[in-house]
Structures are given as C-alpha cells and as structure tokens.
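I opened this notebook to record what I looked up in one structure. The entries follow the order in which I took up each topic.

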Amino acid sequence: MRKSILSLAVATFCSTSSFADTVNFNDPENDYIQEKISLGTGDSTINAKDVVVNNIFEIFRATEGSLTVNADNFKTGGFYSKLLDNNAQYKQDIKIANDFTISGSSGLNLSNYITSNNIRQDINIDAKNFIINSNNIGISIATTTSSYKPNNSAINVHIKADSVNIDANGNQSQAIYLSGSNEKYRDDSGVYLKIDSKNITLKGGGSYGGTYADNIAVFATNNSILDICGSEGGILNIDTKNINSSDPNAFGNMSIFADDGAQVNIDYQKNSNLSFNGGFSAMWSRDDEKARISVNAQEGSKTFITGSFIAIDGDIDVKTYGNTYIDAPLIMSQSGIINIDIGDEYSTSTYNGIKGNLVASYGDDTYGDSVINVKLSGKNNVFTGTSSIYWNEDEPNAKDKNKINLDLRDGARWDVEKLEDDNGGSLNNYLTSLNLMGGYFKYWLS
C-alpha cells in the first residue's frame, strides 16, 4: 500500500505563491508523494522509495542551493528549473534506480533569466530509464536569446541511462531544444547537454520560422552543444513527426538542426543501429563558430538516414564503417563543408551508399568555400544521383570556391543520373575531382 508522507506544511505545496527553502526527507522505505513541489534557496534532499509529484516539480529564483534525489522511481507531471537572480548557483544530483518519468506539458524545462549575470545550473541525472512524454518540448534548455547577451550564464546537463525515450507533440515540439550563448560555449557560459545511453529514441516535429525546415526533431541554436554517446550494441532512433504541413520553399523534415554556431555530435560504438527519419541541417555561424553536425558509427554498425543534408555556413560530417544507406533528395553546401565517408567493413547488405543530388553553390571570398567530399569504399557502396556546381560569375575566384570531390574505392561506383534544367533540357554533371582507386562510374543514357 502506497503511503503519502507530508514532511512540510500542506500549505507550502498547495499554494502557488509560496516556496519551500528546503525539503529534507530521508525514508528510503516509503514513498514521497506531493501534488506540487516548489523549491527556492537552500539544500534539499529526497531519499525515498518512490517520488511522485502529480503536478509539477519546480526550482525557481534560487540564489544558491542544491537538490539531491535518491529513489527507485521518480514520476512528475513536469520538471521546471529557472534561476532569476544575479550570482545564482544551483546543483542537482538525481539518481533513480529504475524509471524517471516526466509526463506533462513542460517536459524537462531548464532556463536562466536572460538579463541576469553569473548564474549557473549543473544537473546530473542517472536513471535506468529516462522517459519524457510532453505535448510541448521534451527537453528545453536555454540561457539566452538573440536579443540579450548576459555575462556568464550557464546550464550544464549530463543524462546517463540505459535507455532514453523522449516523445514530444505540439506545434513547436522538438524532442530537444537548446539555446546557448551568443559567445563560444564555456562551462560557465552557454548550454551543454550530454546524453550517455545505450538505447535512445527521440521523437518530435514542431518547427520555427526562418529555419527553412518543415519539422525538426532536435534543434540546437546559439552556440549550444549536444553530445549523444552510445555504447556498444546500442540503438539510436531520431524520428521527425509530420506535425506541420510541408512547405514547398523548405528543405523538408530535419531530424537534426544545428543553428547559429551550435554543435550536435553523435558517437556510437561497435555493432549499433542508427536511424534518422529526417535530414541534417547545419546553418549559420556565431562568434566565428560554425554550426556543426557530426555522426560517427563504429565497426559493425548499421546506419540509415532519410532526408536532405543542408550546410549553409555550417559543417556536416558523417563517418561510418559500412552497412549505411543515405536517401537524401538534396545534399547541398553553401559556404559550408559536407564530408561523407562510408566504409566497407563488416558490410552484410546487398546495397549501401547514397541516393541523392550533390550541389555546391555560391561559395566566395566573403563567406567561404562550398565543399562536398564523398568517399565510398567497397563493391556494395553506390552513389546514385547527380552532381552540380554553381557560382556567381561576377565574383572573383568564385569558380574555385565551389567544389565537389568524389572518391570511389575497391569496387564502389557512381550510377550517374540524368540532370535536367527547369525546361527539361540536358545538363552536364560536374565534379571538381574524381578519384577512382578500384572504383568506377556508369552513365545511364535515356
């Protein structure tokens, strides 16, 4: 029989205007159940069998303090932590033996007041299963906006779990949304999120204006950093939901969107399975930091990506060791760099490689080179598609600023598709360099 224990006055948790400085509950044999928990300044400890908060768990306006939670299970309708005052510092250490579940509109929502200075949150979450079901954003972490530039405002989060499952719904419903600093990330300024888990599922689809994307599952902006690390034999599934209707002027759905100097780095160990339902977009730099997306899948892994690759003043790097298929309607660099390297180790599929259209366009002396480098190794690796290079004739040296380099090795091939202009006329496929080391290409005439 579940036992409800009120360690503080009932009014503390029923009122929307008063806050508890501390919670001190140490009874690991019993449950800790509240309608709502609101913490202010002070050090709080919850050591219980199960922690249940029916409404929301919130930390608000704390100037200094900490939260320590140890439980078998932790379930809350939302988890909200916001620091408002200058020089505020707050640390959280949450250890859950089984399930940490957030079900509600707010998800995991962490922020610092955008006009405050020298404020910092450090959060460690260690659970067997970390689960978020939200009708808004799953994980939202923000320290700034484009309009404000606070001094030393930081949120650093490390989530470690056997499995992470985030499912977000709504018009603006990324599984993860990060907004860091207008300057380069430091541990005392900006947003950093690390997810360390064997099995990860991230589902979301809402988008924002000015992204040129229909739906976005993971959105990082303003020099924020997201690291996703998977152990051997792991599973990563990033699924972009079709929440918003498609826009003919957009690049389609994006599983990952890195904007304004943000970085998203994905690194999975051997024999893992990675699936991205949606493309990659790395757009715009900030404080000389280019937006960047990198995916690295070790030997024996299988990788499937469907959606366009868009690098506009940003970089995209994908390196795998075989068993990889990329279905990208458009692979476009505009003052950015795209590197795709697919090896042939442990390849068991009859078909690997890339289907799509390579476009390097409008690189120049002002904004930088537009470069696409594709390397395929092994007889099962095929590039099926076209290759186009565009430049501004009025820009000096512009032709040399747009490059597509294709490297085919050990039986890999390019199945060259017909390229047409808007009126149906034939166009030539262009490359800057074609390196054939045991590779070859086929040109299909129709």
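This is a predicted model: local features need pLDDT of at least 70, side-chain atom pairs count only at pLDDT 80 or more; totals for chains, interfaces and linings use all residues.

**Entry 1: nonpolar cores**

I began with the largest nonpolar core, which has 94 residues. I asked which of its members touch the most other members. I found that these are Phe-130, Ile-266 and Phe-309.

I then listed the contacts of Phe-309, leaving aside residues up to four places away in sequence. Phe-309 touches Phe-280, Ile-316, Val-318, Ile-326 and Ala-328, and also Leu-330, Ile-331, Met-332, Ile-338 and Ile-340.

**Entry 2: salt bridges**

I next asked how many salt bridges the structure holds. The number is 16, and I looked up several of them individually.

Arg-186 and Glu-183 meet through their side chains, with 3.8 Å from N to O. I checked the accessibility of both partners. Arg-186 has a relative accessibility of 33% and counts as partly exposed; Glu-183, at 30%, also counts as partly exposed.

I turned to Lys-401, which forms a salt bridge with Asp-369; their closest N and O atoms are 3.6 Å apart. I wished to know where the two residues lie. Lys-401 is in the loop between β33 (381-390) and β34 (402-409), while Asp-369 is in the loop between β31 (352-361) and β32 (370-377). The pair therefore ties together parts that are 32 residues apart in sequence. Lys-401 is partly exposed at 22% relative accessibility, and Asp-369 is partly exposed at 27%.

I also recorded that this pair belongs to a network in which salt bridges with shared partners join Asp-365, Asp-369, Lys-401 and Lys-403.

The side chains of Arg-413 and Asp-415 form a further salt bridge, at 2.8 Å from N to O. Is Asp-415 buried or exposed? I found a relative accessibility of 11% for Asp-415, and because the limit for buried is under 20%, Asp-415 counts as buried.

Methods:
Residues are numbered from 1 along each chain as its sequence is written. Side-chain values use heavy atoms; hydrogens and water are left out. A nonpolar core is a set of buried Ala, Val, Leu, Ile, Met, Phe, Trp, Tyr and Cys residues joined through side-chain atoms within 4.5 Å. Buried means under 20% relative accessible area, exposed over 50%, partly exposed in between (1.4 Å probe, protein chains only). Contact means heavy atoms within 4.5 Å. A salt bridge is a side-chain nitrogen of Lys or Arg within 4 Å of a carboxyl oxygen of Asp or Glu. Helices (H or I, at least four residues) and strands (E, at least two) are DSSP runs, numbered from the N terminus.
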